[in-house]
Amino acid sequence: DYWGAPVPSHGDPEGELLLVGLAPAAHGANRTGRMFTGDASADFLSASLYRTGFASQPTSLHGGDGLRLLGAYETAVVRCAPPQDKSTAEEQRTCRAFLVEEIDLLTKTRAVLAFGRVAFDNYLKAMRERTGERLQFQFAHAARHDLGPGLPALFASYHPSPRNTNTGRLTASGLDMVLNQVRWFLDDRKNV
């Protein structure tokens, strides 16, 4: 059985970390009904979230598996699985209002981690719609950008898809490094 509908976000709405992906995977979240669940991307990401203290367990198999995100919340730019796992600019524009509204509701967010260039660029577009400011930054794995006073810091990582993990473009230690950078940033902000 497949969920086969728009996939809701998942996690701790009081969390300080917002994780932004591109879209539900055709045989992952589109099947299970939970973001980053039930496929190879979910396996890779969940294990790293667990190792860095943002998840209660190292696996994300199905909606009832007991996974809790700790201080983190997962969302996506597009809410439905796109054909051939490639969303169009129109789909991204259509769903952006949901992302903007979600950003507004997540008042505790102090750091955002965008997975891949498309998620990174769309998060900046959502912030532009929200603030009216033209925010332009370059995507690079392990980059951190300060967007301005009162706005969360934006971190970037390659997407944990098999296209990146199977080729070694994104390694487990590489994703752990980015999540640890986010953790250190959040911990440092608590001491200020």
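Is glutamate 16 buried or exposed? I looked it up in this model, which is predicted. Glutamate 16 has a relative accessible area of 19%, so it counts as buried. The cut-off for buried is under 20%.

**Entry 1: the partner of glutamate 16**

I checked what the side chain of glutamate 16 meets. It forms a salt bridge with the side chain of arginine 110, at 2.2 Å from N to O. Arginine 110 is partly exposed, because its relative accessibility is 23%.

**Entry 2: other salt bridges**

I found 8 salt bridges in the structure. One of them joins the side chains of glutamate 14 and lysine 108, at 3.9 Å from N to O. Glutamate 14 lies in the loop between β1 and β2, while lysine 108 lies in the loop between α3 and β4 (111-115), so this pair ties together parts 94 residues apart in sequence. Lysine 108 has 42% relative accessibility, so I noted it as partly exposed.

Next I looked at arginine 51. Its salt bridge is with aspartate 176, and the closest N and O atoms are 2.7 Å apart. Arginine 51 belongs to helix α2 (residues 40-51) and aspartate 176 to helix α6 (residues 172-190), so the pair ties together parts 125 residues apart in sequence. Arginine 51 is partly exposed at 45% relative accessibility. Aspartate 176 is buried at 14% relative accessible area.

**Entry 3: strand β3**

How many residues of strand β3 are buried? I counted 5 of 5, over residues 72-76. In a regular strand, side chains alternate between the two faces of the sheet.

Which strands join β3? Strand β1 (residues 10-11) runs antiparallel to β3, with 2 bridges. Strand β2 (residues 17-21) runs parallel to β3, with 5 bridges. Glutamate 74 in β3 stands opposite histidine 10. Leucine 19 also stands opposite glutamate 74.

**Entry 4: helix α3**

Cysteine 95 is among the buried residues of α3, which include Gln92, Arg96 and Leu99. The elements that cover these buried residues include β2, β3 and α4 (117-131).

Technical notes: Residues numbered from 1 in each chain as written. Predicted model: local features only at pLDDT ≥ 70, side-chain atom pairs only at ≥ 80, totals over all residues. Heavy atoms only, no water. Buried < 20%, exposed > 50% of the residue type's maximum accessible area, 1.4 Å probe, protein only. Helix = DSSP H or I, 4+ residues; strand = E, 2+ residues; numbered from the N terminus. Pairing = 2+ DSSP bridges. Contact = heavy atoms within 4.5 Å. Salt bridge = Lys/Arg side-chain N within 4 Å of Asp/Glu carboxyl O.
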